[in-house]
Amino acid sequence: VNNMTTEISHQEKSSKSIIFWICIAEILTMQGVFTFSSMLPFFLDEWKLDGVDAGWISGIYYGSYMISVMVLVSITDWIDAKKIYITGVLITLVSCVGFALFAEGFWSAMLFRALGGTGLAGTYMPGLKALTDRLSGTSRARATSFYTSSFGAGSAVSFLIGGSIMEWFPWQTAFWIAGICSLLALLIVSKTLENAPNQDGDRSGLRSLDFRPVLRNTKAMGWIACYSTHNYELFAFRSWIVVYLTFALSGVSSEINYQPSFIVFLGILLGMISSIIGNELAIRLGRTLVVVATMFLSAVLAVVIGNSIGLSATMLVMLVLVYGCFVTGDSASITTGLIESSVKENRGVTMAVHSSLGFIGSFLGPIGFGIVLNAFGGHKSSDAWFWAFSSTGFVLIIGPLILLFLQNVNNKKR
């Protein structure tokens, strides 16, 4: 009995160590993701971009992710996800260094942002797959929560570095820092995760790309629908929030000098906590109830934020922080719902479809937001911001409506 207790204790410590270090690696690989968005007010003027141009440079990152992730995550059912992760880190490194060296306008920025999206496709979900393959039970569920929340922590630091670096150094420095962080992540994953054999020695690469079982899984497809509209809101918000705050706070006098990128940094950290809390509430109260309620409240807050220009600086900042918590409050719950709805032997391809279809929203969010912004007067019009945020809230609620419909269909089949 004592030996068994000691072994269990050792396994728990080992699991906690793996979760901690892989979350740190995730944060490091995220440093190039929002660097451009955090500097967007500068690039709008420096490169003479309009809302559509800026939306495309932001959105192409997630469009590239959407295409690449379908293959890169699917084949983790065939080969060890660690190998895919290492490849993704190397691509991320090239994208960050390339942007620092060669980006000088719309098309060159599009190229290296697209490359960065492929790097993210090779690290984010493959990292989660590599982690969950080495865990089980409660450890796996909570690891998913912490790992997806680490996406938020990485985003926060990315915004902070990008928004602060230009006060002291050239803008390229932020991308060099992101490249160095990628190297550190590579070292951590190489040391932390042991190499694992293929999950199924008889499984071919083509079978790993068979998406039909996932598309027939109505439980999984409901969560995928939520993930897509969640990402539409999340990445529209994070791509444009610095520009919004710069405009909204410029006409308001305040004793406190609110720095937009720092506000976003703080908001994303709070969002990371809200994601973990949301997942814990989902465990206790029911996943569907918590996700649907969070998404509907977030849609309401999107309209409120769009109509908040002219409020006092402190009130505006508080509203943005609260809204940011609701934007991410459903994140871990949705991903955990997807994993719990998947079949073990198809978990990799299920996560691939989840990521790919989910990131259709990530791709369209920044672009759609920019199109609405341009259509109603541009980023210096209060009315334009109202309609851009309101349209985002409208798109968001489509996800939970599809989830409820598919769950109702599934219940009738029983």
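Colleague: How many cavities of 30 Å³ or more does the structure hold, and what makes a space a cavity?

Modeller: The structure, a predicted model, holds three cavities of 30 Å³ or more. On a 1 Å grid over the protein atoms alone, a cavity is a set of points where a 1.4 Å probe fits but cannot get out. Grid points are joined across faces, edges and corners, and the volume is the space filled by probe spheres set on the points.

Colleague: Which residues line the largest cavity?

Modeller: A lining residue has an atom within 4 Å of a point. The largest cavity has 17 of them, and Thr-148, Phe-151, His-230, Leu-234 and Ser-331 lie nearest its centre. Two or more lining residues come from each of H7, helix H11 (218-250) and helix H12 (260-285); H11 gives the most, with six. Helices here are DSSP runs (H or I, at least four residues), numbered from the N terminus.

Colleague: How is the lining of the largest cavity divided by class?

Modeller: Seven residues are nonpolar, nine polar and one charged. Ala, Val, Leu, Ile, Met, Phe, Trp, Tyr, Cys and Pro count as nonpolar, Asp, Glu, Lys and Arg as charged, and the others, Gly among them, as polar. The second largest cavity is lined by 13 residues, of which eight are nonpolar, four polar and one charged.

Colleague: Why is Thr-229 called buried?

Modeller: Buried means under 20% relative accessible area, exposed over 50%, and partly exposed in between (1.4 Å probe, protein chains only). Thr-229 has a relative accessible area of 8%, so this residue is buried. Thr-229 is found in helix H11, and its side chain reaches the backbone oxygen of Leu-396 at 3.0 Å.

Colleague: Is Lys-16 buried or exposed, and how do you know?

Modeller: Lys-16 has a relative accessible area of 62% and is therefore exposed. This lysine is found in helix H1.

Colleague: What makes Phe-34 and Phe-159 a stacked pair?

Modeller: Rings of Phe, Tyr and Trp (its six-membered ring) pair if their centres lie within 6.5 Å; planes under 30 degrees apart count as stacked, over 60 as edge-to-face and the rest as tilted. By this rule the count comes to 30 aromatic pairs. Phe-34 and Phe-159 are 5.2 Å apart, centre to centre, with 15° between the planes, and form a stacked pair. Phe-34 lies in the loop between helix H1 (2-29) and helix H2 (35-38), and Phe-159 in helix H7 (residues 137-165), so the pair ties together parts that are 125 residues apart in sequence. Both Phe-34 and Phe-159 are buried.

Colleague: How do you know that the lengths of H8 and H12 agree with expectation?

Modeller: The expected span of a helix is 1.5 Å times one less than its number of residues. The 21 residues of helix H8 (residues 172-192) should span 30 Å, and its end C-alpha atoms are 31 Å apart, which agrees. The 26 residues of H12 should span 38 Å; its end C-alpha atoms are 35 Å apart, which also agrees.

Colleague: On what basis are these values given?

Modeller: In this predicted model, local features need pLDDT of at least 70 and side-chain atom pairs count only at pLDDT 80 or more, while totals for chains, interfaces and linings use all residues. Residues are numbered from 1 along each chain as its sequence is written, and side-chain values use heavy atoms, with hydrogens and water left out.

Methods
On a 1 Å grid over the protein atoms alone, a cavity is a set of points where a 1.4 Å probe fits but cannot get out, and a pocket is an open set with protein on both sides within 12 Å along at least five of seven lines; lining residues have an atom within 4 Å of a point. A polar contact is a pair of N or O atoms within 3.5 Å; within protein, one must be able to donate a hydrogen and the other to accept it, and residues adjacent in sequence count only if both atoms are side-chain atoms.
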